[in-house]
Amino acid sequence: MTRPLVVTDCDEVLLHMVRHFRTWLDTEHDIEFELEGNPFVQSMRRRGSNATVAEKEVWALLGGFFDTQMGEQQPIEGSVNAIAQLQRDADVVVLTNLVDERNEARQRQLKALGIETKIYTNQGPKGDALNRIVQEHGASRIVFVDDIAQHHQSAAETTPHVHRLHFCGEPAIAPHIPCARQAGHAHARIDNWADALPWIQETLHGDPQ
């Protein structure tokens, strides 16, 4: 029998990212990064200036962060233990929005922290990539976990039978991001692993509803 499947994002689900990115921008680039409220690409300003950093430079800075600072990222509380528990009775893979050239670096990063699993890299909405993973594994019970509402909408459109959990483990941004549960694109919204783990386990192994 095929094991159940969990497809999870990495940044802000398994690992903190924006808090480390903010520190790096501050110390290395003299850029202020406000986590609260504004869209990501409108949240950065050079210190002493009211002008936002241009979107093209934002993405270049983000790439530079992942090229040099992945070793600074720390786990979301409970994530490493949760993945270990899930792996006892289910397959767990990571679907992360990084360019393919950073796949091995992400794999090494997670392994060093105690999470050893297959990594799928992706760019843009995740629905098509999720659909390919689902077809590859052939599982009948599947949970998709991500912190970005757009990806849940994409997943709902391409794989409506997959259970979708909107999870953001970074308290500085969790209250400000659009909620996929409220939009009707996720089955639940939980932002901590103490509550998310039993929800996932029940979804994967409980009686069908």
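Strand S4, residues 91-96, pairs with S5 in the parallel sense, over four bridges. Strands here are DSSP runs of E with at least two residues, helices are runs of H or I with at least four, and both are numbered from the N terminus. Two strands count as paired if DSSP finds at least two bridges between them. Opposite Thr96 stands Thr121 in S5.

Before going on, the provenance. This is a predicted model, where local features need pLDDT of at least 70 and side-chain atom pairs count only at pLDDT 80 or more, while totals for chains, interfaces and linings use all residues. Residues are numbered from 1 along each chain as its sequence is written, and side-chain values use heavy atoms, with hydrogens and water left out.

Across S4 and S5 lies helix H4, residues 103-113, running at about 145° to S5. That angle is between N-to-C directions, on a scale from 0 to 180 degrees, with axes fitted as lines to C-alpha atoms, for helices over the stretch in contact. Contact means heavy atoms within 4.5 Å.

Next, S1. Strand S1 and S4 are parallel partners over four bridges, and Asp91 in S4 is the bridge partner of Leu5. S1 also pairs in the parallel sense with strand S6, residues 142-146, again over four bridges; there the bridge partner of Val6 is Val143. In S1, residues 5-8, Leu5 and Val7 point one way, Val6 and Thr8 point the other way, and all are buried. Buried is under 20% relative accessible area, with a 1.4 Å probe and protein chains only.

Which order do the strands take in the sheet? Six strands form an open sheet, S5-S4-S1-S6-S7-S8, with parallel pairing. S5 (118-121) and S8 (188-189) are the edge strands, each pairing on one side only.

Now the whole chain. It has eight helices and eight strands. The radius of gyration is 17 Å, close to the 17 Å from the globule rule for 209 residues, so the chain is as compact as a globular protein of that length. The radius is taken over C-alpha atoms, and the rule is 2.2 Å times the number of residues to the power 0.38. Along the principal axes, the C-alpha atoms fill a box of roughly 60 × 35 × 30 Å. Of the 209 residues, 48% are buried. Among contacts with a separation of 6 or more, 64% are between residues 24 or more positions apart.

Conventions
Buried means under 20% relative accessible area, exposed over 50%, partly exposed in between (1.4 Å probe, protein chains only).
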